[in-house]
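Good morning, and thank you for coming. Please look at the display as I speak.

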Amino acid sequence: MAEACHYSKEEDKIRCLLCPHNCLIGENKVGICKVRLNSNGQLISNVYGKIAAVHYDPIEKKPLYHFYPGRNILSIGTFGCNFHCFFCQNYQLSQCKPSDFNEPIELSPHEVAQRAQAISGNLGIAYTYNEPAVFFEMMMDTATIVRQKGLKNVVVSNGFINPEPLLELIEVTDAFNIDLKAFDESFYQKYTGGHLEPVLHSLRMIYQSGRHLEITFLAIPTLNDSIDLFNEMIHWIANELGPEIPLHISRYFPAWKSEIPSTSSQVIIELADLASKILRYVYIGNMNPNIYSSTHCPNCRNILVKRSGYDTRICGITKDSHCKVCGEPIDLPFVVPPD
Ligand code: SF4
């Protein structure tokens, strides 16, 4: 446990200012995320140093396809989330509080950073599995040390965070994958408990900061797979951010309280076909290898990075970042061809 940052006192309560819920928290109560506690007039992060999951994953699993493809990254998560999506694919961690979980791994930021450094070939640390904004202090302290060690920080988030803490996070982060769950405020209100506009604002801030950014969209039958809304979303990404932003369209499977059947692979491919008319790099996730697994030259469709499952090979780019077939300049600064 540690004192949290980004809060103010309001009479006998505390206002948490970390995410746009801005919870007003009474004594001995927690906020909507269940992991930030008002204890004697102090806001406490009760997930500080309590790691619920730690794995050494391919960077493609985050998913990040244009950030050092083929490398692995130490990935950590805690508990809690500021969203309560009934279809959450990771609900065992996101929808529980520390007391529900028997044996978290107790690790300080220094210890996490040391583990990261001890793994030969490790890219750095990914803050993921549950929503990292709710373990903001642990993430910031760890990321600061990780940076000093010359490793990278990657954040996988729902983007529902206030601008002031996001600015601090951007300072220490090298790459983000942000979930854009639907291009629909009513979806956000009804199914996540959050709002769309703050997520769009976070996406704009990250893009304008120049940090590496990829977006994930989980397509759920009947809830967010309307062609009209999807069309609006891809145009917004292209116009407000840029057509070069990679979009991962992820296939949904029933999880937690959801009994909605899985998304059909045909729908996923139709959405990807539509998106690829507007965006330069479109990928499909949670499906068998397909034509949207690999990275193609936007000009001649030559394969630049070949993927089969988590087997990744950079094969179609010259050392000076041109397509090997047509010579098109390829603007993928973090895709480094092997010697
Ligand atoms: S981080 Fe948690 S406590 Fe703070 S405003 Fe968001 S949901 Fe509420």
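Let me begin with a question: are Lys-62 and Asp-57 buried or exposed? Both Lys-62 and Asp-57 are buried. Please keep in mind throughout that this is a predicted model.

These two residues are also partners. Lys-62 and Asp-57 form a salt bridge, in which the closest N and O atoms are 2.8 Å apart. Lys-62 and Asp-57 are joined by Lys-61 in one network, built from salt bridges that share partners.

For context, the count of salt bridges comes to ten. Another of them links Arg-15 to Glu-10, with the closest N and O atoms 3.0 Å apart. Here the surroundings may be stated for each partner in turn. Arg-15 has 23% relative accessibility and therefore counts as partly exposed. Glu-10, at 33% relative accessibility, also counts as partly exposed. A further salt bridge is the one between Glu-197 and Arg-204, where the closest N and O atoms are 3.3 Å apart. Glu-197 counts as partly exposed, with a relative accessibility of 43%.

I return now to Lys-62, to consider the backbone. Which residue does a cis peptide bond join to Lys-62? The residue is Pro-63, and omega of this bond is about -5 degrees. Pro-63 sits in the loop between strand 8 and strand 9, the latter spanning 72-77.

The largest pocket has a volume of about 1,200 Å³. It is lined by 47 residues, and those closest to its centre are Lys-61, Lys-62, Pro-63, Gln-89 and Ser-250. By class, the lining of the largest pocket comprises 18 nonpolar, 21 polar and eight charged residues.

Why does the largest pocket lie between domain 2 and domain 3? The reason is that domain 2 (50-293) and domain 3 (303-339) both give residues to its lining.

The second largest pocket holds about 280 Å³ of space. Its lining has 14 residues, and nearest its centre lie His-212, Leu-213, Glu-244, Ile-245 and Pro-333. Eight residues of this lining are nonpolar, three are polar and three are charged. The second largest pocket also lies between domain 2 (50-293) and domain 3 (303-339), because both domains give residues to its lining.

Next, the cavities. How many cavities of 30 Å³ or more does a search of the whole structure find? The search finds four.

The largest cavity has a volume of about 110 Å³. Of the 14 residues that line it, Cys-16, Cys-19, Cys-33, Arg-36 and Asn-82 lie nearest its centre. Nine residues of the lining of the largest cavity are nonpolar, four are polar and one is charged. Domain 1 (2-45) and domain 2 (50-293) each provide at least three residues of that lining.

In the second largest cavity there is about 80 Å³ of space. Its lining includes Ser-276, Arg-280, Tyr-283, His-296 and Arg-301. Strand 16 and strand 17 each supply at least two residues of this lining. The lining of the second largest cavity divides into five nonpolar, four polar and two charged residues.

Arg-301 is placed in the loop between strand 17 (295-296) and strand 18. With 45% relative accessibility, Arg-301 counts as partly exposed.

Tyr-129 likewise has a positive phi in a residue other than glycine, near 75 degrees. Tyr-129 belongs to the loop between strand 11 (124-127) and helix 3 (136-148). Is Tyr-129 buried or exposed? Its relative accessible area is 18%, and since buried means under 20%, Tyr-129 is buried.

Thank you for your attention.

Definitions and conventions: Residues numbered from 1 in each chain as written. Predicted model: local features only at pLDDT ≥ 70, side-chain atom pairs only at ≥ 80, totals over all residues. Heavy atoms only, no water. Salt bridge = Lys/Arg side-chain N within 4 Å of Asp/Glu carboxyl O. Buried < 20%, exposed > 50% of the residue type's maximum accessible area, 1.4 Å probe, protein only. 1 Å grid on protein atoms, 1.4 Å probe; cavity = no way out; pocket = protein on both sides within 12 Å on 5 of 7 lines; lining within 4 Å. Points joined across faces, edges and corners; volume = space filled by probe spheres on them. Nonpolar A, V, L, I, M, F, W, Y, C, P; charged D, E, K, R; others polar. Domains from an automatic or database assignment. Helix = DSSP H or I, 4+ residues; strand = E, 2+ residues; numbered from the N terminus.
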